[in-house]
Amino acid sequence: MGGILLQFTFQAAARQTVRLLVTKVEKQRIVVTPPGPKARELLAKDTNILSHSVVRWYPLVAESGSGCFVKDVDGNEYIDFNSGLVVLNVGHSHPRVVKAIKDQAEKLIHYSWTDFYYKPIIDLGEQVARITPGSFPKKVFFSNSGAEANEAAMKMARWHTRKPLFLAYTSSFHGRTFGTMALTASKPVQRRHFFPLVPGVTHVPYPYCYRCPFGLEYPKCNMWCVDFIDEEVLKKFHPPEDTAAMFIEPIQGEGGYVVPPDDYFQRLKKILDKYNILMVDDEIQAGMGRTGKWFAIEHWAGVIPDIVTSAKGLASGMPIGATIAKDELMDWEGGSHATTFGGNPVACAAALQVIDIIKEEKLLENATRQGTYLMKRLKELQQKYPIIGDVRGKGLMIGVELVKDPEAKEPAAQESIDVMNKCFKRGLAIITSSKSTMRFAPPLIITHEIIDEGLEIFESAVKEVAAQLK
Ligand SMILES: Cc1ncc(COP(=O)(O)O)c(C=O)c1O
């Protein structure tokens with residue numbers, strides 16, 4: 001008996017030692033202060049050859065990725081709370097996605113679906129239509145990116161309704177083509193010196209309760225922000241009978257991971273329906289399971305958008321965009337919209353796997369479970385650090401807004417950059433959104449353990465930056 005007990009004790013101790021060792025090894029992710037020598041060499045070449053119209057977050061020169069981790073060229077490993085750019089929903093290089101890409105590339109890489117036919121795009125169309133809200137028949141237009149998916153939605157809405165105008169939100173992001181740039185309104189630099197844009201877009205305030213644009217408080221406000229669209233916009237200067245569609249993000253992505261109140265979109269849809277204005281639901285950042293539902297709009301029960309756009313996570317790394325609409329809305333004539341590369345067979349094969357993986361690995365459930373845990377842990381940190389003004393989100397799309405003090409709510413813009421940079425140096429890839437919101441958007445396969453390790457780094461950075469504020 002004593003022997004067995006001793007054996008058990010020994011085994012438990014050994015397990016504990018292994019666990020400690022593993023934890024220790026996991027924590028040595030940074031082997032050379034980034035950017036290391038190889039990264040620096042590439043950064044110099046990059047500056048010489050690539051367009052300077054982009055802004056890089058920090059010098060992460062990625063070489064490989066696996067699951068929730070990305071490695072740089074100097075061998076540093078980072079926990080990836082970014083999922084690339086909110087793209088790798090099933091993680092880096094999921095083996096099934098990699099195999100599907102290889103198999104499809106060996107069979108057929110290209111044969112433009114808008115000129116000929118192939119099976120993977122038909123299969124994907126059926127799958128995408130099935131997971132999109134609404135039990136009515138649908139049609140799908142496949143393209144290469146989020147902007148293209150929204151551009152197609154704009155053109156389709158105009159073609160079908162024969163109406164010229166659109167509504168969109170302040171702080172929205174829908175893309176950077178001339179059409180989508182007219183919808184996008186999150187930073188002046190995105191539009192400066194590019195006018196004239198596509199005319200006819202009016203922007204209305206997004207329901208950002210932490211910083212209500214009307215200075216009101218939910219629910220006492222009775223959601224004046226929705227009635228404002230009807231009373232002050234549609235009834236005064238933006239004729240509803242000339243309005244084709246309103247573009248929405250169910251949770252604003254680039255605008256700061258802002259979540260509207262629970263009953264918001266139901267109220268909005270009623271107004272849009274009253275005037276026959278289509279609702280275009282941009283799910284490019286919030287969709288494909290990120291919030292614990294296939295599409296984030298499903299959190300607002302009963303709201304069925306007329307058009308849904310998807311990209312980013314759809315093929316978890318391969319370029320693809322999808323514009324999904326009620327059958328009768330896609331009545332545009334042959335030749336009115338097409339693409340050479342859109343819906344490429346290799347990207348379709350990857351997307352088909354992504355949908356299967358999300359179902360089979362129960363990633364909607366995992367996004368909800370891990371998201372609830374992450375939210376709880378972040379709210380605990382909020383109690384400890386007054387620099388954390390607001391924690392909000394759904395599933396694994398969570399924003400942590402940093403403020404100089406919780407009363408005045410002045411955005412802690414530089415501080416959020418400092419937190420981000422400290423995290424990077426310590427092995428956590430995380431970026432900001434809008435003025436001072438840290439965005440938590442890890443792959444949907446994440447575990448409690450990886451969240452804990454990431455949060456340890458995040459907290460150490462927040463603690464140091466908050467101490468400098470005092
Ligand atoms: C909500 C939303 N819509 C559209 C886009 C544009 O997508 P893409 O960069 O693939 O053109 C983005 C990209 O960040 C986005 O977040």
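**Cis prolines, cavities and a ligand shell**

Pro-219 sits in the loop between strand 6 and helix 8, where helices (H or I, at least four residues) and strands (E, at least two) are DSSP runs, numbered from the N terminus. The model is a predicted one, in which local features need pLDDT of at least 70 and side-chain atom pairs count only at pLDDT 80 or more, while totals for chains, interfaces and linings use all residues. Residues are numbered from 1 along each chain as its sequence is written, and side-chain values use heavy atoms, with hydrogens and water left out.

The peptide bond between Tyr-218 and Pro-219 is cis, with omega about 5°. A cis bond also leads from Phe-195 to Pro-196, with omega near 0°, and Pro-196 belongs to the loop between helix 7 (178-183) and strand 6. Most residues other than glycine have a negative phi, and most peptide bonds are trans. Ser-83, which is not a glycine, has a positive phi near 50°; its place is in helix 3 (residues 83-86).

The loop that holds Pro-219 also carries Phe-214, which pairs with Phe-228 of helix 8 (224-234), 14 residues apart, and so links distant parts of the chain. The two rings are tilted, at 5.0 Å centre to centre and 55° between the planes. Here rings of Phe, Tyr and Trp (its six-membered ring) pair if their centres lie within 6.5 Å; planes under 30 degrees apart count as stacked, over 60 as edge-to-face and the rest as tilted. The structure holds 14 aromatic pairs.

What of the empty space inside? Rolling a probe the size of a water molecule over the atoms shows where empty space is left. On a 1 Å grid over the protein atoms alone, a cavity is a set of points where a 1.4 Å probe fits but cannot get out, whereas a pocket is an open set with protein on both sides within 12 Å along at least five of seven lines; lining residues have an atom within 4 Å of a point. Grid points are joined across faces, edges and corners, and a volume is the space filled by probe spheres set on the points.

Two cavities of 30 Å³ or more are found. The largest has a volume of about 120 Å³, and of its 15 lining residues Cys-209, Cys-212, Tyr-218, Cys-221 and Cys-225 are closest to the centre. Its lining has 14 nonpolar, no polar and one charged residues; Ala, Val, Leu, Ile, Met, Phe, Trp, Tyr, Cys and Pro count as nonpolar, Asp, Glu, Lys and Arg as charged, and the others, Gly among them, as polar. The second largest cavity, of about 40 Å³, has a lining of six nonpolar, one polar and three charged residues. Strand 10 (residues 321-326) gives the largest share of this lining, three residues.

The second largest pocket has a volume of about 520 Å³. Its lining is made of 23 residues, with Trp-113, Lys-139, Val-140, Phe-141 and Met-330 nearest the centre. Helix 5 (119-131) and strand 4 (138-143) are the elements that give two or more residues to this lining, which divides into 13 nonpolar, six polar and four charged residues.

Finally, a ligand has 13 residues around it, of which Gly-146, Ala-147, Asp-282, Gln-285 and Lys-312 come nearest; a residue is counted if one of its heavy atoms lies within 4 Å of the molecule. Helix 6 (residues 146-161) gives the most to this shell, with three residues, and the shell comprises three nonpolar, six polar and four charged residues. Among the polar contacts (pairs of N or O atoms within 3.5 Å), a ligand oxygen lies 2.8 Å from a polar backbone atom of Ala-147. A ligand oxygen is also 2.8 Å from a side-chain N or O atom of Gln-285, and a ligand nitrogen is 3.2 Å from a backbone N or O atom of Phe-173. Taken alone the ligand exposes 390 Å², of which the protein buries 82%, with areas from the Shrake-Rupley method and a 1.4 Å probe.

Conventions:
Polar contact = N/O pair within 3.5 Å; in protein donor to acceptor, adjacent residues only side chain to side chain.
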